[in-house]
Amino acid sequence: MEHLEQLSFDAKEWDRIAQLLDQHPHYKVLKRLAPQRWLEKPRPNQDVSSTLKGVILDTETTGMNALTDKVIELGMIVFEYDPKIGQITHVNQVFDELEDPGFPIPAESTAIHHITDEMVKGRRIKDQEVLDALQGVSLVIAHNAAFDRPFVENRWPVFTDLAWACSIKDIDWRLNAFGSAKLEYLAMTQGIFYEAHRAETDCWALLEVLNMVLPKTQQSAIQTLFESSTQMQSKVYAIGSPYETKDILKSRAYRWSAEIKCWSKAVGSEEKLKEELIWLKHHVYGPRKGAKVEIESLSAKERHSERGGTKYLQDLSAITEH
């Protein structure tokens with residue numbers, strides 16, 4: 001039997017074959033990421049004044065430490081978002097530039113992103129072009145913003161004054177029945193594959209993921225991020241929690257910080273905060289008098305940065321269930 005790669009089919013015929021195969025319960029067909037569909041997409045008839053502007057951002061760097069390592073590639077996709085329909089409607093600009101860090105790129109970093117010293121030699125990202133791209137942007141989105149944000153804030157301080165969202169932490173992927181928040185996995189659930197670990201390509205993949213409707217909440221991922229960016233977020237620190245409660249804290253998604261020797265968890269609303277404090281009161285601190293937790297209030301301009309928010313102590317005995 002003749003191999004498929006030896007057959008001479010046009011693009012439409014291959015698409016028809018892929019659709020037929022995808023209909024069979026034993027197969028799932030993935031299609032290569034196609035950014036051009038956004039670039040060629042006509043702007044729909046809509047009230048442009050109602051749209052918001054956002055940017056999807058990704059960086060490649062010389063390493064993991066934002067204090068000593070440098071950005072060597074910055075990728076950004078500037079887009080329009082229509083809050084009335086909860087969807088990304090148009091791509092305005094694509095930005096992707098390399099920069100010479102001023103020292104050799106470690107081999108272990110090149111092994112991940114395949115950016116070499118020769119590729120960045122003498123290159124410099126123009127500050128004004130970055131500023132121009134960010135004009136009118138309401139929200140910066142990154143997949144693991146806690147990594148990208150400190151790097152770009154160190155290089156371009158303008159990012160400090162912008163609202164940020166993280167497409168890993170600010171969306172409850174587990175609630176929506178996704179087994180992982182890894183970008184390549186999320187893209188595959190949408191029938192897309194791509195070559196990861198270059199800034200622009202990762203931005204395009206995230207654009208596709210953010211425009212999907214989440215199965216549990218029945219709203220788009222991008223809508224979830226824009227809505228959460230307008231709300232204050234609280235981080236609860238379970239200070240002085242008994243050692244024997246570590247397993248139940250962990251099972252409730254608290255994370256251990258070795259530096260401050262404390263379990264903590266981010267919650268997204270006042271209602272969720274009160275619910276968490278009541279849970280801590282009953283399941284962690286019990287009837288102890290004077291038990292207190294520390295709460296840090298964070299806006300979208302502070303979240304996922306290395307700057308803290310406003311902290312205060314909350315006496316759990318003052319928390320009522322009504």
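User: What covers the buried residues of helix H9?

Analyst: This is a predicted model, where local features need pLDDT of at least 70, side-chain atom pairs count only at pLDDT 80 or more, and totals for chains, interfaces and linings use all residues. Residues are numbered from 1 along each chain as its sequence is written, and side-chain values use heavy atoms, with hydrogens and water left out. Contact means heavy atoms within 4.5 Å; helices (H or I, at least four residues) and strands (E, at least two) are DSSP runs, numbered from the N terminus. The cover of H9 includes E2, E3, E4, strand E5 (139–142), strand E6 (164–166) and helix H8 (199–210).

User: How many residues of H9 are buried?

Analyst: Buried means under 20% relative accessible area, with a 1.4 Å probe and protein chains only. Leu 225 and Phe 226 are among the buried residues. H9 spans residues 221–229 and is largely enclosed by the rest of the structure, because the buried count is 8 of the 9.

User: In what order do the 5 strands of the open sheet stand?

Analyst: Two strands pair if DSSP finds at least two bridges between them. The pairing in this sheet is mixed, and the order is E4-E3-E2-E5-E6.

User: Which residue is the bridge partner of Val 78 in E4?

Analyst: Strand E3 (residues 71–82) and strand E4 (residues 87–98) run antiparallel, joined by 10 bridges. In E4, Val 78 has as its partner Gln 93.

Conventions:
Buried < 20%, exposed > 50% of the residue type's maximum accessible area, 1.4 Å probe, protein only.
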